[in-house]
Amino acid sequence: MPDESTLARVRAFPAFAGLPDEDAAKLARLLTYRRFSRGTHIVSQDQPGTAMYLLIAGRVKVAIASSQGKELVLDYLEAPAHFGEMSVVDAEPRSADVVAVTDVEVLMLDARDLAAAVQIQPKLAVSLIATLSRRVRGLIGRLEDIVFHDAYHRVMRVLLNIATASYESSGVPVIEGFTHAEIASLAGVSRETASRIISALAREGLVRTKGRKIVVDLIAVKERLDSEPDELE
């Protein structure tokens, strides 16, 4: 039987939280605990993918890079979350880089053990499907914003998405730990533009800044976004 600290790490991932000791122990034998320091490339674009990662502590950046070294940030993931599942499922190379934004802790699941893990806890399969669905919808939404909306709208959308995720997990619509540069990269604008828009939203009362925290009025921001016409109409 794995020790209590190992079982606690397994149960830190929501899909495994309520597992009996016996099932948690079976999963623990399939999972490998790893820690990565801030700035570490956990997975690299175009490399073979032989494992997926369950993020149990910290934050990572998902991005793609051009041959000229330009970077497009696709997402920031905060624990609990998972990544690397696409290559495990379709046996294709990694589609993006994943870099530790903070020190992170993960549980690695080898591709060969995915079926066994799902057999122990079927909720893992549901979690994978739901996450992939959310990411596809998120990318569609970003594409729509880039094509149809201006920088002001795109920054508001990023603020709303991050704050909504915070509200769903902690009950507070607050953006914490994100720099203006990181918000800008998600919105596809410059840092200066993001900062100017956040200041304008604060003057309008749609957000409040507290040091490095941004508290978002979810209802007001959503209403503003919904009321804006598409630029191409």
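Glu204 has 39% relative accessibility and counts as partly exposed, a class between buried (under 20% relative accessible area) and exposed (over 50%), using a 1.4 Å probe and protein chains only. Welcome to a predicted model, where local features need pLDDT of at least 70, side-chain atom pairs count only at pLDDT 80 or more, and totals for chains, interfaces and linings use all residues. Residues are numbered from 1 along each chain as its sequence is written, and side-chain values use heavy atoms, with hydrogens and water left out.

**Salt bridges**

- The count comes to nine salt bridges, each a side-chain nitrogen of Lys or Arg within 4 Å of a carboxyl oxygen of Asp or Glu.
- Glu204 pairs with Arg224 in one of them, at 2.5 Å from N to O.
- Arg224 lies in helix 9 (residues 218-227) and Glu204 in helix 8 (residues 191-204), so this pair ties together parts 20 residues apart in sequence; helices here are DSSP runs (H or I, at least four residues), numbered from the N terminus.
- Arg224 is itself partly exposed, at 26%.
- Lys222 and Asp226 also form a salt bridge, their closest N and O atoms 2.8 Å apart.
- Those two residues sit four apart in helix 9, so about one helical turn separates them.
- Lys222 is partly exposed at 45%, while Asp226 is exposed at 52%.
- Arg191 and Glu192 form another salt bridge, with 3.3 Å between the closest N and O atoms.

**Exposed helix residue**

- Leu143 belongs to helix 5 (residues 123-148).
- With a relative accessible area of 54%, Leu143 is exposed.
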